[in-house]
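Here is a short tour for anyone who likes to look at a model before computing on it. Have the viewer open and follow along.

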Amino acid sequence: MSRTDSRCAWCGSDPLYLAYHDLEWGVPVHDDVRLFEFLILEGAQAGLSWLTILNKRENYRKAFDGFDAGKVARYDDRDVARLLADPGIVRNRLKIEAAIRNARSVLAIRDAHGSLAGFLWGFVDGRPVQNRWRTLQEIPASTPQSERMSKELRRLGCNFVGSTICYAFMQATGMVNDHVVDCFRHDQVRQMTTPAFE
């Protein structure tokens with residue numbers, strides 16, 4: 001079986017999507033900035049395709065100050081207006097305002113837990129969950145862990161963090177390995193199991 005034939009089917013044939021699947025999806029992320037980025041982008045994706053967000057990701061990085069939560073947390077009405085006028089991102093007021101609120105919540109989480117990574121990885125006990133799905137149909141839309149994450153993030157003031165969004169976030173950031181077993185990345189990602197916090 002060729003490398004191409006052994007990929008998860010969801011990534012299709014778009015070069016950007018293929019690169020994301022082959023290099024990023026499922027790789028454990030422990031950096032607070034990147035985790036905040038994925039949290040905002042997964043929320044922005046609600047109702048849209050992930051490829052749409054991938055195509056806008058560089059624009060998002062510029063528009064949101066490189067996803068510096070400290071800077072985003074200080075955004076005011078002028079920044080909201082600036083973002084609503086930016087064609088390079090999803091111009092949805094609710095999502096933009098949620099990103100700002102989420103940044104403020106992230107700062108509070110850091111103060112309380114030391115890091116965003118420590119807080120979020122706590123929902124999987126600091127170690128990636130290794131799944132062994134054979135088909136895409138077996139992969140759940142949410143899990144008890146993503147439900148707990150969602151409830152806690154909402155309690156802390158975050159928006160666009162429903163259980164399904166949280167599970168997509170967990171998949172993207174390597175908290176779970178949801179590459180199907182026949183995918184060439186499944187075993188590669190499975191080897192990235194060093195606990196982030198010991």
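A helix, as the word is used here, is a DSSP run of H or I with at least four residues, and helices are numbered from the N terminus. Please keep in mind that this is a predicted model.

With that in hand, let's begin at Cys166, which lies in helix 9. Is Cys166 buried or exposed? Cys166 is buried, because its relative accessible area is 1% and the cut-off for buried is under 20%. Leaving aside neighbours within four places in sequence, Cys166 is in contact with Ser146, Met149, Ser150, Leu153 and Val161.

Several of those partners lead us to helix 8, residues 144–155. The buried residues in helix 8 are Ser146, Met149, Ser150 and Leu153. Seen down the helix axis, they fall within an arc of 100 degrees, so they line one face of helix 8. What covers these buried residues includes helix 2, helix 6 (93–113), helix 7 (116–121) and helix 9. On the face turned away from the buried side, helix 8 carries the exposed residues Pro144, Lys151 and Arg155.

The length of helix 8 can be checked too: at 1.5 Å a residue, its 12 residues should span 16 Å, and this agrees with the end C-alpha atoms, which are 16 Å apart. Just after helix 8, Gly157 takes a positive phi of about 105 degrees.

Pro87 is exposed, as its relative accessible area is 58% and exposed means over 50%.

Each of these two residues also has a C-alpha separation to look up:

| Residue pair | Separation along the chain | C-alpha separation |
|---|---|---|
| Cys166 and Leu153 | 13 residues | 9.4 Å |
| Pro87 and Lys56 | 31 residues | 9.4 Å |

The largest pocket has a volume of about 320 Å³. It is lined by 14 residues, and the closest to its centre are Trp10, Tyr17, Trp25, Ala168 and Gln171. By class, the lining has 10 nonpolar, three polar and one charged residues.

Which helix gives the most to the lining of the largest pocket? That is helix 9, with three residues. Helix 1 (15–23), helix 2 (32–45) and helix 9 (163–172) each supply at least two residues of the lining.

Methods
Residues numbered from 1 in each chain as written. Predicted model: local features only at pLDDT ≥ 70, side-chain atom pairs only at ≥ 80, totals over all residues. Heavy atoms only, no water. 1 Å grid on protein atoms, 1.4 Å probe; cavity = no way out; pocket = protein on both sides within 12 Å on 5 of 7 lines; lining within 4 Å. Points joined across faces, edges and corners; volume = space filled by probe spheres on them. Nonpolar A, V, L, I, M, F, W, Y, C, P; charged D, E, K, R; others polar. Expected span 1.5 Å × (residues − 1). Buried < 20%, exposed > 50% of the residue type's maximum accessible area, 1.4 Å probe, protein only. Arc of directions from axis to C-beta. Contact = heavy atoms within 4.5 Å.
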